[in-house]
Amino acid sequence: MLNPTEEVLAEAPPPTRGGGAVRYVLTKIGGALLSFAMVIVLGFLLFRALPGDPVQTMTRGRPATPEMMARLEHKLGLDLPLWQQFWKYLGGLLHGDMGDSYFYNVPVLQKIGERLWPTVLLVGVSTVIAVALGLWLGTRSGWRRGSRFDRVSTGVALTLWSTPTFWLGMLLMAATTGLFPTAGIVYTDTPDDFFSQALDIAHHMVLPTITLVAVTYAQYQLVMRSSLIEEAGADYLTTARAKGLRDDVVRRRHAVPNALLPTVTLVFLHLGMVIAGAISVETVFSWPGLGLLTYDALRVGDLPLLQGTFVVLAGAVIFMNTLADFLYRVLDPRVRAS
């Protein structure tokens, strides 16, 4: 005999998995949009709180009267109250207009578009190499925990992970003097054919790529190592060994696929951080990407360009974090069932 509460619960339809998935997606997208809105507000206020006057920076070294500086300030809209400046900026942003760069005198979106592909190229190549290296080292050090290979590879990874990026870049420049280019993306006298251009770009990419790989692969290695160590004592691996499978087969077919989940999600979660963290690498090697553009804009006080690069870089981090959440739900059945 059921009590009234149990009768109501028994008659209620079972929850649908589709509804939970839709709610999960909408919640993550809503959180991402809220974070992006906070980035826009923070970026606007943060750069206006920095010391210095953009007008004085732009007219430095040039004969400019106070009247000329006042007209320039009015033309740039810097004489408006802060709230009016924000609404003007927000209105333009909603229409796809980030304003014009003070220093380059071109639309901010145009300048960002020109510098986007070098950053994507550098970060993309570095990420592929770092992931492959980190997974390979993490798998072998985790499977042979406590071995000499494990101790050496883990020690090197921890050392490189704690090394400042700019310092490592300058150290590589000093150690390889004359072997690789240390600035730019191509030589000015390189022929215009595709093969010569590709070789020249690859030659210029060697040092910045090594620097970016050295400070990012360690995270993938350590996470993969930790995940594999947790899987090493699982019952299904004992069963696989009891069936007579070789140790290499047990590792490759059973342990590694289950240990990959945290590392794969970390790759997407960390990719946005790598894009934002390329600023120091691009600055050290004068790589003409978004990182160097951000540094130049900060140096000359170019507020529209600073705001634009900040929104793009922060937006990349938010997008990759949201994508990592979706990927984790797809890969992990325990999350889908929740």
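Biologist: Hello! At roughly what angle do the axes of helix H6 and helix H7 cross?

Modeller: Welcome! Keep in mind that this model is predicted. Helix H6 spans residues 108-143 and helix H7 spans residues 148-161. Their axes come within 8 Å, and the crossing angle is roughly 140 degrees.

Biologist: Is H6 parallel, antiparallel, perpendicular or oblique to H7?

Modeller: An angle over 145 degrees would count as roughly antiparallel, and 65 to 115 as roughly perpendicular. The axes cross at roughly 140 degrees. Therefore H6 is, relative to H7, oblique.

Biologist: Is the crossing of H6 and H7 left-handed or right-handed, and which residues make the contact?

Modeller: The two helices cross in a left-handed way. On the H7 side, the contact is made by Phe149, Asp150 and Ser153. H6 brings Trp136, Leu137, Arg140 and Ser141.

Biologist: How do the residues of that contact divide into nonpolar, polar and charged?

Modeller: The residues where H6 meets H7 come from each of these classes. The division is three nonpolar, two polar and two charged.

Biologist: Which helix gives the most to the lining of the largest cavity?

Modeller: The structure holds one cavity of 30 Å³ or more, with about 30 Å³ of space in the largest cavity. Its lining consists of Val123, Ser126, Thr127, Ala130, Thr216, Tyr220 and Val274. Four lining residues come from the helix that gives the most, H6.

Biologist: How many charged residues does the lining of the largest cavity have?

Modeller: Sorted by class, this lining has four nonpolar residues and three polar ones. The number of charged residues there is: none.

How values were computed
Residues are numbered from 1 along each chain as its sequence is written. This is a predicted model: local features need pLDDT of at least 70, side-chain atom pairs count only at pLDDT 80 or more; totals for chains, interfaces and linings use all residues. Side-chain values use heavy atoms; hydrogens and water are left out. Axes are lines fitted to C-alpha atoms, for helices over the stretch in contact, and angles run from 0 to 180 degrees between N-to-C directions. Angles under 35 degrees count as roughly parallel, over 145 as roughly antiparallel, 65 to 115 as roughly perpendicular and the rest as oblique. A crossing is left-handed if the near helix is turned anticlockwise from the far one by less than a right angle, and right-handed if clockwise. Contact means heavy atoms within 4.5 Å. Ala, Val, Leu, Ile, Met, Phe, Trp, Tyr, Cys and Pro count as nonpolar, Asp, Glu, Lys and Arg as charged, and the others, Gly among them, as polar. On a 1 Å grid over the protein atoms alone, a cavity is a set of points where a 1.4 Å probe fits but cannot get out, and a pocket is an open set with protein on both sides within 12 Å along at least five of seven lines; lining residues have an atom within 4 Å of a point. Grid points are joined across faces, edges and corners, and a volume is the space filled by probe spheres set on the points.
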